[in-house]
Amino acid sequence: MRAKTKALPPNHRWLVASRVLAAVLGGYALTSAATVLLALIWPLPQAQAVMASSMLSFSLYTAIIVWIFATKRVRTLWAGLIAATALCGALAWLLLPGGGA
Amino acid sequence: MKEGFRQSMAWLHTWSGLVVGWVLFFVFVTGTAGYFTYEITRWMEPERPLVESRDYPGKETLLTLGLNRLDEVAPVAESWGINFPHESQSTRHWEDFSINWSTVPLEGHDHGTFGRETLDPFTGKLKTPVEPRETGGGSLLYRMHYALHYIDYPIAFRIVGVCTMLMLVAIVTGVITHKKIFKDFFTFRPGKGQRSWLDAHNVISVMALPFFLMITYSGLLFFTLSYMPAGLYTLYGNDQKSRERYFDELFGDHEHMAISRPAASVASMVAKAEAAWGKDQVASVFIQHDEGEEPRVDINRVRGGKVLWFDSDLMRFHAHTGAPLPLDEPDPTVTQTNQVLLALHEGRFAEPWLRWLYFVAGLLGCAMIGTGLVLWTVKRGKNHGANSHLGMRLVQALNIATIAGLPTAVAAYFWANRLLPVELADRAAWEANIMFLVWGETLIYAFFRDNRKAWVELLWLAAAAFALLPLLNALTTDKHLGATLAVGDWALAGVDLTVLALGVTFAYMAVKVQRRWRKQAAEREAQALNQGGLLAQEAVS
């Protein structure tokens with residue numbers, strides 16, 4: 001492990017910290033946005049759709065965390081996170097009763 | 001992360017596991033004990049009699065006694081219930097003859113007050129309950145696995161939630177890391193240091209993998225809307241009223257009308273149910289009147305044989321005409337899915353053998369976390385040299401204090417139950433205080449004592465603390481193995497026998513660790529001697 005650590009770039013620690021931050025905050029934000037969107041499009045009575053999508057959210061969050069740590073470049077993953085969250089958020093806003101639509 | 005996919009997953013597995021490993025070990029230990037909550041509570045209340053008297057008159061007499069008493073204590077109520085004496089699966093013990101009721105809520109209140117009385121089955125008079133010593137019992141231990149201790153509940157279950165989420169990540173990344181999951185499963189190379197720890201960790205983790213996934217995911221589902229409230233907040237709102245609206249939509253909103261003694265014969269309804277289900281299969285009677293519907297009498301069957309343990313068979317009758325009434329529609333699939341997952345987590349439906357399987361799977365969970373934590377230090381100990389820096393020391397001490405110290409502390413909780421004076425104020429709180437004092441002391445000890453000595457000594461302490469409990473029990477109460485085995489009270493005898501088995505397990509671990517390190521020390525000495533010899537030769541030549 002030692003030998004490998006030395007070969008890593010000098011800002012290695014910051015890159016890891018950035019990923020952890022992305023997983024904790026960005027990942028949670030994306031999961032939240034996706035949960036809302038899923039609740040809106042799930043063809044079930046509203047309360048059941050909220051329950052179903054909220055129950056599923058933990059798998060979603062896990063998959064997002066795996067993706068965050070598997071993506072090669074930190075910049076790509078932040079861009080992806082922000083884009084996906086914005087997209088889910090915008091779609092959810094359009095679909096919300098009394099929302100933008 | 002410049003490395004490949006599998007390496008980054010291995011990194012994520014290692015660190016997500018390490019940072020929450022100690023809390024998770026605590027959750028698994030107290031949660032596993034939770035599968036025997038009722039039995040532990042009974043053990044901690046030795047004042048209760050061994051076998052309760054099971055003589056009682058016919059159901060008709062019981063019904064009359066129960067209804068008469070309900071008429072006295074709650075003539076106008078929202079619900080009435082009568083429990084017949086029966087062997088209950090959900091509480092795993094004999095249910096006495098009892099009545100319960102809830103009063104009509106006052107203006108502006110959602111719920112009335114709930115009342116319950118245990119009655120003498122022959123006279124209908126209030127039974128004087130046995131007053132056991134004040135104890136937290138099995139339920140306090142069980143509560144700790146999701147509410148911790150000393151920490152405010154809303155904060156505590158969120159801490160546990162974060163740890164559980166990381167556990168889920170650790171499980172998934174662990175599976176990804178193991179490309180040869182089945183080959184690894186049949187591979188165990190003992191006595192090879194790090195390699196053996198890794199093999200052990202793999203075997204244990206794969207053995208109960210479905211259980212670990214189920215228990216972790218369903219654990220999150222107990223607090224779904226607290227952990228992931230986005231859907232609820234956006235579609236309903238984040239105040240109490242919106243929450244209620246959501247739950248009303250989900251479960252239906254029933255306003256209840258006041259009820260009184262049924263005009264129809266409840267005894268003949270019970271007789272119909274007994275004819276259909278068999279004798280002694282009727283557990284209870286429940287009387288309620290939902291707004292917009294008929295006043296009804298539900299006859300509930302003894303629970304059992306279903307994952308949804310609370311969902312017993314029932315027959316429904318009109319309270320005043322005695323005519324059969326249709327049952328409710330089954331819950332929607334989403335709600336049922338949720339209920340099944342929660343029921344699987346709690347395992348309240350489990351018969352004794354399945355319950356033991358739950359217990360063993362829980363212990364395997366402790367072993368999975370334990371071997372994972374040890375593996376971290378073994379791997380790094382080799383590269384950094386043991387005892388090299390503070391971080392390593394801290395992890396080592398936390399490992400010892402958690403894996404050997406926490407079980408000792410749980411044993412201390414039981415010791416405190418027997419040794420603290422019965423009349424001590426805040427006795428239940430002190431039982432828990434002693435548990436955490438002992439745990440804290442093992443941590444301090446592990447930090448300042450030599451790593452290897454601390455392992456061996458604390459494992460022996462855990463062994464003694466558990467193995468001597470049945471003896472302590474025999475010295476301080478009359479509910480010892482001699483008495484419990486003689487009458488076949490397996491719930492009480494089971495607790496004594498299980499702690500004895502745990503003591504033997506810890507002793508075995510202590511012996512193994514001791515032997516291994518003696519052998520290592522001898523090898524190292526031999527090596528040093530050889531090197532010394534070579535140096536001497538070089539000096540001579």
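## Basis of the report

Residues are numbered from 1 along each chain as its sequence is written, and chains are lettered from A in the order in which they are written. Because the model is predicted, local features need pLDDT of at least 70 and side-chain atom pairs count only at pLDDT 80 or more, while totals for chains, interfaces and linings use all residues; side-chain values use heavy atoms, without hydrogens and water.

## Chain A

Chain A contains four helices and zero strands. Helices (H or I, at least four residues) and strands (E, at least two) are DSSP runs, numbered from the N terminus.

Of the 101 residues in chain A, 40% are buried. Buried means under 20% relative accessible area, exposed over 50%, and partly exposed in between, with a 1.4 Å probe and protein chains only. Contact means heavy atoms within 4.5 Å; among contacts in chain A between residues at least 6 apart in sequence, 68% join residues at least 24 apart.

## Helix α12 of chain B

Helix α12(B) covers residues 266-277 and spans 16 Å from its first C-alpha to its last, close to the 16 Å expected at 1.5 Å a residue. The expected span is 1.5 Å times one less than the number of residues. Its buried residues are B:Val266, B:Met269, B:Val270, B:Ala273, B:Glu274 and B:Trp277. Seen down the axis of α12(B), these residues fall within an arc of 140 degrees, so they line one face of the helix. The arc is taken from the directions from the helix axis to the C-beta atoms.

The buried residues of α12(B) pack against α3, β6, β7 and β8 of chain B. After α12(B) comes B:Gly278, with a positive phi near 105 degrees.

## Aromatic pairs

Over all chains, the whole structure holds 32 aromatic pairs. Rings of Phe, Tyr and Trp (its six-membered ring) pair if their centres lie within 6.5 Å; planes under 30 degrees apart are stacked, over 60 edge-to-face, and the rest tilted. B:Trp15 and B:Trp376 form an edge-to-face pair, 5.8 Å centre to centre with 85 degrees between the planes. B:Trp15 lies in helix α1 and B:Trp376 in helix α14 of chain B, so the pair ties together parts 361 residues apart in sequence. B:Trp15 is partly exposed at 33% relative accessibility, whereas B:Trp376 is buried at 11%.

B:Phe436 and B:Trp439 form a tilted pair, 6.2 Å centre to centre with 45 degrees between the planes. Both residues lie in helix α16 of chain B, three residues apart, about one turn of the helix.
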